[in-house]
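This briefing is meant to be read with the sequence and the 3D view side by side. It takes up confidence, cores, sheets and some local backbone features in turn.

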Amino acid sequence: MIRGGAAPSRNTLSHAKKRRIPDMMEELFWSVLQHLHNIAATSGPSGAHCRLCLMPPPRLCYRLKMVQEVNFRNRRKIIRNGYDRRTCWVQSRGGFIPRPGVVPTAIITMQKLLLSGCDVFDSLHVMRSDDDGHTWSGPTKQPGFGRFPAANGREGIVSDFMPSWHSASGKLLVTGQFYFYRGDKLDMTMQPQKPVYAVFNDASGTFDPWQTLKLPDPKFFSYGSGNVQRFDLPDGDILLPIFGTSLQEAEAGSPRATRVLRCGFDGCKMKVKEIGQPVRVDQGSGTREPSLAFFDGRYYLSLRNDVHGHVAGSDDGLSFDEPQPWVFDDGQELGNYNTQQRWAVHEKGLFLVYTRRGLNNDHVFRHRAPLMIAQVDPQKLCVIRETEQLVVPERGARLGNFSVDRHSPRESWVVVTEWMQNGGDNAHAAIEKLRQRNGIHPTVTADPHQACEAFGSDNATWVSRIIWR
């Protein structure tokens with residue numbers, strides 16, 4: 001004992017334990033363990049335990065790490081609303097242009113949809129905010145992104161864009177794909193597909209003309225990059241997920257597969273450097289609209305599938321483990337199907353944004369609302385149920401086409417617009433729900449957009465700010 005010193009009181013120790021953050025001790029433990037593994041010889045073949053510490057090798061130790069809970073608050077806002085009941089805004093996705101010393105410029109891409117058709121899109125438009133989302137301009141039509149003549153008397157359009165900042169080139173880059181029409185009807189016949197990209201011109205405030213990404217192997221007959229979430233490597237290369245089929249697979253009616261491309265990008269042109277292995281789920285139409293993230297030394301791919309959303313992990317971002325259906329940590333299925341999921345990544349936690357069954361939402365098309373967020377256990381590849389929170393509320397319309405992008409180290413934005421189509425069985429379910437709740441209003445019918453309006457939707461564009469604590 002130090003002469004003249006006094007032992008700390010019990011209350012003081014208790015208070016210190018309560019307030020002290022355990023991160024330092026955890027980091028110290030894992031760094032010391034790694035050091036022991038580095039200096040200790042292993043007994044036997046790969047996968048044996050270390051003689052010195054009798055612990056599993058580092059790869060297995062990684063899997064034993066506890067998930068650190070990351071807290072956040074959600075601040076959501078409607079930035080525009082209203083529509084003409086003939087068309088509605090859809091496909092709203094947000095990206096950011098960093099500004100030194102000030103808040104980033106926020107860019108939202110969006111398109112109009114013809115309500116009487118299926119996936120009949122109009123030109124790309126842009127909304128913009130230079131004051132951190134307090135005020136917005138637009139939507140402003142982008143020149144050169146309307147319909148164009150295509151083969152066999154059809155028309156084409158580029159769509160399904162997802163914007164995100166490319167730090168190495170200092171450019172806001174969007175990726176997407178083609179749609180083809182005969183009049184105002186989607187052409188569903190077998191047709192070639194290619195990844196599409198475009199660069200935002202900050203000086204003009206518009207996107208430069210779109211370009212197609214040349215795939216070096218002709219077997220990639222119909223692979224697109226619409227509605228995908230990419231990941232940019234520190235050296236500037238891009239890991240871009242694509243999905244589709246070869247010509248032979250398309251003719252045979254085989255399910256789509258997903259691959260990840262490693263691409264170079266110089267601020268103007270993209271070029272394929274490496275092609276990853278196919279990721280397949282042989283259910284329904286296969287895999288579509290993949291989202292890629294990197295967290296704690298591993299890559300994670302979330303996949304749309306008709307029956308279940310799936311997830312797969314990878315060490316290199318090109319070759320992935322066998323996909324498995326999304327489940328909660330109690331083993332119950334997540335309930336996400338036939339729609340997108342997106343990653344939100346914090347330095348200490350991996351999160352999934354998604355829609356699912358079981359939220360009193362049987363009246364919503366494919367249960368695509370509300371939008372939820374939950375933390376993911378990256379070792380078990382499951383959603384931690386107790387962390388699930390609401391991101392954007394359900395108001396009758398679907399919310400399945402959305403984006404998640406990083407605003408800053410302490411904040412990510414979820415952007416989505418209410419898609420005002422909810423016909424068929426879902427519309428009838430909506431009417432029955434209204435009847436049971438308070439008596440059906442005489443003006444409500446099974447019309448696709450009125451079945452959304454009856455619950456409060458008005459084609460609103462939402463910005464939900466995930467602010468990490």
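Is C382 buried or exposed? C382 has a relative accessibility of 4% and, because the limit for a buried residue is under 20%, C382 counts as buried. The model is a predicted one, and its average pLDDT is 87, with 83% of the residues scoring at least 70.

**Confidence along the chain**

- Although the protein averages a pLDDT of 87, the value is below 50 over residues 9-20, and this stretch has one contact in the model beyond near neighbours in sequence.
- Residues 40-64 likewise have a pLDDT that stays under 50, and for this stretch the model has 42 contacts beyond four places in sequence.

**Nonpolar cores**

- In soluble globular proteins, nonpolar side chains tend to be buried together.
- The largest nonpolar core of this model has 20 residues, and L371 and V414 are the ones with the most contacts inside it.
- Two or more residues of this core come from each of β23 (349-354), β24 (371-377), β26 (389-392), β27 (402-408), β28 (411-417) and β29 (461-468), and β29 gives the largest share, which is three residues.
- When neighbours within four places in sequence are left aside, the contacts of V414 include V353, L371 and V391, together with F402, S403 and V404, and also W462, V463, S464 and I466.

**Cysteines**

- A disulfide is a covalent bond between the sulfur atoms of two cysteines.
- The search of the whole structure finds zero disulfides.
- C263 counts as buried, because its relative accessibility is 0%, and C382 also counts as buried, at 4%.

**The sheet that contains β27, β28 and β29**

- Four strands make up an open antiparallel sheet, in the order β1-β29-β28-β27.
- β1 (72-80) and β27 stand at the edges of this sheet and each has a single partner strand, so one side of each is left without a neighbour in the sheet.
- Neighbouring strands here are turned against each other by 20° on average, with direction ignored.
- β28 and β29 run antiparallel and are joined by seven bridges, and the bridge partner of E411 in β29 is I467.
- P409 belongs to the loop between β27 and β28, and it counts as exposed because its relative accessibility is 60%.
- Beyond its neighbours within four places in sequence, P409 is in contact with H346 and W468; the C-alpha atoms of P409 and H346 are 7.5 Å apart in space, while the two residues are 63 residues apart in sequence.

**The sheet that contains β2, β3, β4 and β5**

- Another open sheet has four strands with antiparallel pairing, in the order β2-β3-β4-β5.
- Its edges are β2 (87-99) and β5, each with a single partner strand, so one side of each has no neighbour in the sheet.
- From one strand of this sheet to the next, the twist averages 25°.
- Seven bridges join β3 and β4, which run antiparallel, and T109 stands opposite V126 in β4.

**Cis peptide bonds**

- The peptide bond that joins G138 and P139 is cis, with omega about 10°, and P139 lies in strand β5, which covers residues 137-141.
- A cis peptide bond also runs from A369 to P370, with omega near 0°, and P370 is found in the loop between β23 and β24.

- D119 has a positive phi, near 55°, although it is a residue other than glycine; D119 lies in the loop between β3 (102-114) and β4 (121-129), and it is partly exposed, with a relative accessible area of 23%.
- N338 is also a residue other than glycine with a positive phi, in this case near 50°.
- N338 lies in the loop between β21 (324-325) and β22 (342-346), and it counts as buried because its relative accessibility is 9%.

Definitions and conventions. Residues are numbered from 1 along each chain as its sequence is written. This is a predicted model: local features need pLDDT of at least 70, side-chain atom pairs count only at pLDDT 80 or more; totals for chains, interfaces and linings use all residues. Side-chain values use heavy atoms; hydrogens and water are left out. pLDDT is the predictor's confidence in each residue, from 0 to 100. Contact means heavy atoms within 4.5 Å. A nonpolar core is a set of buried Ala, Val, Leu, Ile, Met, Phe, Trp, Tyr and Cys residues joined through side-chain atoms within 4.5 Å. Buried means under 20% relative accessible area, exposed over 50%, partly exposed in between (1.4 Å probe, protein chains only). A disulfide is a pair of cysteine sulfur atoms within 2.5 Å. Two strands pair if DSSP finds at least two bridges between them. Axes are lines fitted to C-alpha atoms, for helices over the stretch in contact, and angles run from 0 to 180 degrees between N-to-C directions.
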